[in-house]
Amino acid sequence: MNLIEELRWRGMLHDFMPGTEEQLASGMTSGYIGFDPTAKSLHIGNLATIMLLVHLQRAGHKPFALVGGATGMIGDPSGKSAERNLLDEATLRENQEGIKNQLEKFLDFNCGANSAEIVNNYDWFKDFSFLGFLREVGKHITVNYMMSKDSVKKRINADEEGDRAEGLSYTEFAYQLIQGYDFYHLYKNKGLKLQMGASDQWGNITTGTELIRRMDGGKAYALVGKLVTKSDGTKFGKSEGGNVWLDPTLTSPYKFYQFWLNLSDEEAEKLIKVYTLLPQQEIEKITEEHKLAPHMRLLQKALAKDVTIRVHSEEDYLAAVDASEILFGKGDFETLKGLKEDILLSVFEGVPQIQIAQADYASAASVTDLLSELTGGQVFESKGEARRMIKNGGVSVNRQKVQNADEAVNFELLQGKYLVVQKGKKNYYLITVN
């Protein structure tokens, strides 16, 4: 597999330095991407960058993932309008561990010569004194060179023009020099010849190649992928609730699956190439079938399935599919009963939540009383309204239609404490008995 050609047809390639193709063609090349541990989880924006490493390894090269234990304490100004909050060492260590665990899902760390490796730049920076860094590294790169980088110019220009930026601290200004030294260190000690990243990292990466040239007379290379954006041009990877995380405790598998399922046709057609390993012929086939019946959302479903299984598991994917069917009026009591509590709560997160005491639930005279008086009128404002709708067949509890307004309250609680009430076709309520 030719890495450049693979990235090109997938629409992932933005730019690379002259000589990069020749270096990759010459034999197994070691390359890396850095990830700053500013959160305990990576998100799907990061996943697009991880896929560069995945393709590097698939092409027979050796991938390194650098977890920035040192650079994470500072903050990269690229693409940001304000300085990030600095994190303490304990938080950084926790974040680093979470990121390592996630990277191991995508890269093969036990496949012979091109097995993936994880490195942490804190290991070589922890004993590097400030004066030592200035003497050994700082003297090789001029301020003029550093000022020429777009990430620096944008922040300074925005500040001068009274934009919303907060200027650029020396800490952030020095970031590119520190990242550049990472590349030099890995070049000298691990034989790395290539650094990759998103297109907004071009300035930082080329500082590293320049540092290698000036400090060692060596030759190294840069390759950057396209920034993944939404169809409206805004940054990809966020939902209405914020980032879409790879950690299931931050973004449930159900919400994760729904995010991909809700993409526009244009986004899905582009992103199925970026986020899956499906071959070109198969993607083209799915795309053509989708265009014949867009309402079937075949692109979105294929993308959502592939990514959900790789990030989470097939079991989580199947549960997310079942959960998705619930809100469309499909699935029976057994389907609902089979949902894990976190998925159940994710599905009904946006519906009215009602709390009922266990004693009140046990003493309810009938389902009519339960759905009117005991819910405080939230489901039905009166017993009469409840009776009329039950009589017309418009009420279900736990996907089972209520047949008689006077029947006893004898429902099997989901997870031992939940009832899902459906009124009409689209109105849902989640009752918690505790």
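This note walks through the aromatic rings of the predicted model above.

1. A word on the ground rules. This is a predicted model, where local features need pLDDT of at least 70, side-chain atom pairs count only at pLDDT 80 or more, and totals for chains, interfaces and linings use all residues. Residues are numbered from 1 along each chain as its sequence is written, and side-chain values use heavy atoms, leaving out hydrogens and water.

2. The structure has 14 aromatic pairs (rings of Phe, Tyr and Trp, the last by its six-membered ring, with centres within 6.5 Å; planes under 30 degrees apart are stacked, over 60 edge-to-face, the rest tilted). One of them joins phenylalanine 133 and tyrosine 181, edge-to-face, with 6.1 Å between centres and 80 degrees between planes. These partners sit 48 residues apart, in helix H6 (residues 130–136) and helix H10 (residues 175–190) respectively (helices are DSSP runs of H or I, at least four residues, numbered from the N terminus). Phenylalanine 133 is buried at 11% relative accessibility, and tyrosine 181 is buried with a relative accessible area of 11% (buried means under 20%, with a 1.4 Å probe and protein chains only).

3. Now look at tyrosine 257 and tyrosine 317, an edge-to-face pair at 5.8 Å and 65 degrees. Tyrosine 257 belongs to helix H12 (residues 253–261) and tyrosine 317 to helix H16 (residues 314–326), 60 residues apart. Tyrosine 257 is buried at 5%, and tyrosine 317 is buried at 13%.

4. Phe133 and Tyr181 also belong to one aromatic cluster with Phe125, Phe128 and Tyr184.

Note on methods
Helices (H or I, at least four residues) and strands (E, at least two) are DSSP runs, numbered from the N terminus. Buried means under 20% relative accessible area, exposed over 50%, partly exposed in between (1.4 Å probe, protein chains only).
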